[in-house]
Amino acid sequence: MNIKKISLILLCLCPFLAQGQGYQVALQGAKQLGMGHTGAAMASDASTLFFNPGATAMVKGNSASVNFSPIFSNTEYVDNATFSAARTDNPVGTPFSVYAAFGSSDSSKFISRFKFGIAVYTPFGSGVKWGESWIGRAALSSISLSSIFVQPTVSFKITDKLSFGIGFVYVRGSVNLQRSILFPSLASVGGEGKVELDGKANNFGFNAGLFFKPSEKFSIGVSYRSKVTASVSNGSATFSNIPAIFASRFPAGGTTNFSANLPLPAVLNVGVSFSPNKKLTISAEMNHIGWSAYDSLIFDYTDANFADTKSARKYQDIVVLRLGGQYMVTDALAARLGFYYGNTPVTNGHVTPETPDSDRMGYTAGLGYKIGKMDIDFAVAFINTEKRKDTNSETQLNGTFQTKAFVPSISLGYSF
Amino acid sequence: MVIFASAFFVASCKPDIEVPTPDKGTADFTKYVAVGNSLTAGYADGGVYRDAQLNSYPALIAKQMKLAGGGEFIQPLYSEAQTNGTGYLKLKGLSATGVPNLAPEISQLGVIGLGADRRTPLYAKFTGANNNLGVPGIRVADVLQAGYGLNNPLGFNPHFERLLPDNSPKTYAQYAEESNPTFFSCWLGNNDVLGYATSGGTASITPDALFRNNFSDIMTRLTAKGAKGVTAYIPDVTVIPYLNTVTVAAAKLQVKALTGRDLDIFIRTGAGLVRRATNEDLITLQADSLATPNALGLPKGLDPRYPLNNEDVLDKDEVATASAAVLRFNAIIKEVADSKKVPVVDTYNYLNTFKGGRVVNGLSLNTGFISGGLFSLDGVHLTPRGYAMTANEFLKVINASYNANLPLLDISQYAGVTIK
């Protein structure tokens, strides 16, 4: 595997919009997405490196796969006070993942109990663009948040029925946030200032899992991916179009550095999979996401004369329930259906235009086809959030948000 | 192909939040009439001019009412040819130290002559149908005064005169009554104490009994035929930039910059006493002659023998007198309004919330001169943004009191002070 080539590809990709709760993106494999994005209890292929590293040891042979899931999303806002409406003009989100898992095929040797793998995936991100004329532009005009997880992994078959895996996770993230600055005076309408916050972050974590398959018909998986704090330490804050009379309220020269921490929360997955016969598989899963780690968003500016900001976020832990089924129409063709429901981590009074989140439902469907050693999988997901009426306790932005999204997904896999 | 298919799906799953429908509730906005003073007329930057009139808070309220069956709202606009009306102040720029460069606009005025008193200008007439009855300068004390708008040698109000046919001795209360509103706003009383405050305590404050009698009279006339409406309190006149920009502390700094010394400011109080100024004394924006020497070489305001004049300063005791009068008048407004079942907009407390600065819709606003965003260049009247916020406070009370659902204004679409 040519890591350099991969990283070049990564650099070219745009950020993407949150398609799970908060700014989580649950789109890491078309096979799983077709089944409601369930995967902790299935030893399908190399994508187990993400869903449950414990299951990787149970995957037969070596395998590699890539997935791409462009997100087409729209958020609408209607202001309760002025009745004005706004709609996002989001860039197409581009979450992707690349997986490879391999091991010794000599089953007589102890080493064959191990599988080694590498996974690259993008489980958190956001790309929301409201523009610079909507009523909430002082809170946000656009945000783009992206993260790439690189996870070398080892998975070990303890017995023929039980396996364990753990991966070390290296995270590289970037954030770009833009807001309009409104001046009380001395600026014509439209002659507004702008602040752009731009930063990069690195950090580490792990992803571990247990997989247990007591019979051919039944399997259980538990996996846990640790919280990673994306710590921006030397971000740049650039203020532009500031009238001279207000210049003293901003950093000298219009620029300063900032630091900020954005938690990428821990995720606990518990899944069961049941195959009553050779053709049918039903999978159910629960994800517990530790969003309460996101208590506040603090921007700590280097310029001592420019006040730091602290915005309450007060997120809560959430649970997402997923259900999916797969039916083998022929030995080569699989048809899949799925559904999921998740409550929102965003508490009342804390809905923001950057994460205009609410309880959501996802409906998914997929097709998979095997051609020799190749797997081609397609899936689509329709995601519908509840309308959410809120008054933000900090910005007083008072209105109703709703997001709908459509995500096609394609995975290509190769087993050898 | 995939992209086209995707685009189709995207189009089919657009969010659809219902936009609220504006509703008049139990009110009838067919004919909205605004009764009031300079604030109602849209007065700004020291004058009445077409652009300011177009942005008067009643015009903004009427615009929202139109969304719920409201009728046309006619204002006594100065014509395009006389667009600068009475003339007003323009901000040409700010010096490096932030001192404003103000220049009067004197072209394209609506002045058509001089009154019979040989001093009051006559303004272009507007005697047709009118919904904005705002008359700059009018006090509650004046509303029953016959001849208040009659061009006569003893003096008159030219803003009322322009609204009346020639030789009409009509009172303002009559004029308001004849407007026959289905819905009214009546915001009066500011000038009954404002004149006292801006004159450093030398002008008179309207007696309570007269205020009560006249306010009750005009409210009775407005509600006589069953019209619904809204009234509002007098804001605290002591918080305006006119009295809070040249603070004693700022004046001392200015003197230090001039003389290099820490000197006290001396004032003559309303009681005739000469004493050192404290931070509780408010110097007016007009008192610009500080430190200018007189014939004897004494610097103005820096020597007890040549203090700031009584009219240049609202001294501590006068501040208390003005504040107390505002509270007494507001109590009368409340009492009369309650008796007529007319709701009151709490403009008094609303303005006070901006004393220390407050963020509204991402805008950091305060009562400061020029940079505060609320007050126009005269330091007394409002900016377009200030008027839009006033309109919103009225709209909130109209919505709450009459079960109406009128949208508020997006205040970021209205300017603060601008350089012209």
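## Helices α8 and α11 of chain B

In this predicted model, helix α8 (residues 208-223) of chain B packs against α11(B) at an angle of about 30°, and their axes lie 10 Å apart. Axes are lines fitted to C-alpha atoms over the stretch in contact, and angles run from 0 to 180 degrees between N-to-C directions. Helices are DSSP runs of H or I with at least four residues, strands are E runs of at least two, and both are numbered from the N terminus. The crossing of α8(B) with α11(B) is right-handed (the near helix is turned clockwise from the far one by less than a right angle).

Contact here means heavy atoms within 4.5 Å. On α8(B), B:D208, B:F211, B:R212, B:F215, B:S216 and B:M219 take part, and they meet residues of α11(B) including B:R328, B:F329 and B:I332. The contact residues comprise eight nonpolar, one polar and four charged. Ala, Val, Leu, Ile, Met, Phe, Trp, Tyr, Cys and Pro count as nonpolar, Asp, Glu, Lys and Arg as charged, and the others, Gly among them, as polar.

## Helices α7 and α11 of chain B

Helix α11 (residues 316-339) of chain B also packs with helix α7 (residues 191-198) of chain B, at about 175° and with the axes 10 Å apart. The two helices are therefore roughly antiparallel (angles over 145 degrees). From α7(B), the contact uses B:D192, B:V193 and B:Y196; among the α11(B) residues are B:E318, B:T321 and B:F329. Six of the contact residues are nonpolar, one is polar and two are charged.

## Helices α4 and α13 of chain B

The axes of helix α4 (residues 57-65) and helix α13 (residues 384-402) of chain B come within 8 Å and cross at roughly 50°. The crossing is right-handed. This contact has ten nonpolar, two polar and no charged residues.

## The largest pocket

The largest pocket has a volume of about 1500 Å³. A pocket is an open set of points on a 1 Å grid where a 1.4 Å probe fits, with protein on both sides within 12 Å along at least five of seven lines; lining residues have an atom within 4 Å of a point. The volume is the space filled by probe spheres set on the points.

The lining has 44 residues, and A:A43, A:S44, A:K60, A:K213 and A:Q326 lie nearest the centre. β9(A) gives the most, with four residues. By class, 14 lining residues are nonpolar, 13 polar and 17 charged.

## Conventions

Residues are numbered from 1 along each chain as its sequence is written, and chains are lettered from A in the order in which they are written. Local features need pLDDT of at least 70, side-chain atom pairs count only at pLDDT 80 or more, and totals for linings use all residues.

Methods:
Heavy atoms only, no water. Parallel < 35°, antiparallel > 145°, perpendicular 65-115°, else oblique.
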